[in-house]
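Trainee: I have a model open and want to learn how to read it. Can we go through it feature by feature?

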Amino acid sequence: MPLGLIILACFILLPTIEIYLFIEVGSVIGAIPTILLTVASAAAGTYMLRQQGLSLLMRMRAEMDAGRVPSHEMMHGAMIVFAGLMLLIPGFFTDAIGLLLFIPPVREVIGNYLARHVKVQNIHVNPGYRRQDGTVDLNEDEWSSSRHGEQDSPSRPRSNDPDQISPWSGDDDKRR
């Protein structure tokens, strides 16, 4: 099913389900208790997001300190943030989804499902020209020989002087 249809269905079905549940719950317990229950669920969601979020951040920090990528914790973190968002949205259906996502075994099941069915593409990003020893490694065409304060102009050729150590050294800094 295309993503556009899923989003459209959510925009149509979610408010419809919420309105239906508001009417049903309001007819059973009354309007004021229904509104108070909605506000209480938002407050509970904020509290749970803070508690579980801080705990998760500490676990992520421990994983990074141990030299491991906290991928498992990041997956849980995304679901906790989504759960908090669901609890902040007024409505009983979204509250139920949010409360379910705050339960770690439920997050684990959803995470395992996503891990099996979502294609992950790793992208290797070149961290730049820095080597481990702190040296900046540039090719000849990546720097010019203009002196401090001078503007590099297109009419001025780039340095091809093999004796020049770096683009920041002067004529008197030649190799000996």
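Trainee: Where is His-76 found?

Mentor: Helices are DSSP runs of H or I with at least four residues, strands are E runs of at least two, and both are numbered from the N terminus. His-76 sits in helix H3, residues 71–88. Keep in mind that this is a predicted model: local features need pLDDT of at least 70, side-chain atom pairs count only at pLDDT 80 or more, and totals for chains, interfaces and linings use all residues. Residues are numbered from 1 along each chain as its sequence is written, and side-chain values use heavy atoms, with hydrogens and water left out.

Trainee: Is His-76 buried or exposed?

Mentor: Buried means under 20% relative accessible area, exposed means over 50%, and partly exposed lies in between (1.4 Å probe, protein chains only). His-76 counts as buried because its relative accessibility is 5%.

Trainee: What is His-76 in contact with, leaving aside its neighbours within four places in sequence?

Mentor: Contact means heavy atoms within 4.5 Å. With those neighbours set aside, His-76 touches Leu-56, Pro-104, Arg-107 and Glu-108. With Glu-108 there is also a side-chain polar contact of 3.1 Å. A polar contact is a pair of N or O atoms within 3.5 Å; within protein, one must be able to donate a hydrogen and the other to accept it, and residues adjacent in sequence count only if both atoms are side-chain atoms.

Trainee: Which other residues of H3 are buried, and what covers them?

Mentor: Besides His-76, the buried residues of H3 are Glu-73, Gly-77, Met-79, Ile-80, Ala-83, Gly-84, Met-86 and Leu-87. Their cover includes H2, helix H4 (92–101) and helix H5 (104–117).

Trainee: How does the span of H3 compare with what its residues should give?

Mentor: The expected span of a helix is 1.5 Å times one less than its number of residues. H3 has 18 residues, so it should span 26 Å; its end C-alpha atoms are 26 Å apart, which agrees.

Trainee: Now Thr-38. Buried or exposed?

Mentor: Thr-38 lies in helix H2, residues 31–65. Thr-38 counts as buried because its relative accessibility is 11%. Leaving aside neighbours within four places in sequence, Thr-38 is in contact with Phe-22, Pro-90, Gly-91 and Phe-92.

Trainee: How many salt bridges are there?

Mentor: A salt bridge puts a side-chain nitrogen of Lys or Arg within 4 Å of a carboxyl oxygen of Asp or Glu. The count here is two. One joins Asp-65 and Arg-61, at 3.4 Å from N to O. Both lie in helix H2, four residues apart, about one turn of the helix. Asp-65 is exposed at 58% relative accessible area, and Arg-61 is exposed at 53%. Glu-63 pairs with Arg-68, with the closest N and O atoms 3.0 Å apart. Arg-68 is partly exposed, at 47%.

Trainee: Which residues make the nonpolar surface patch?

Mentor: Patch residues have over 30% relative accessible area and no salt bridge; like charges are joined within 9 Å, nonpolar side chains (Val, Leu, Ile, Met, Phe, Trp, Tyr) within 5 Å. The patch of about 1100 Å² is made by Met-1, Leu-3, Leu-5, Ile-6, Ile-7, Leu-8, Phe-11, Ile-12, Leu-13, Ile-17 and Phe-93. Its largest share, nine residues, comes from helix H1, residues 3–29. Leu-5 lies in H1 and is partly exposed, at 46%.

Trainee: And how many helices and strands does the protein have?

Mentor: Five helices and zero strands. Of its 176 residues, 22% count as buried.

Technical notes:
Accessible areas come from the Shrake-Rupley method with a 1.4 Å probe; for residues, only the protein chains shown count as cover.
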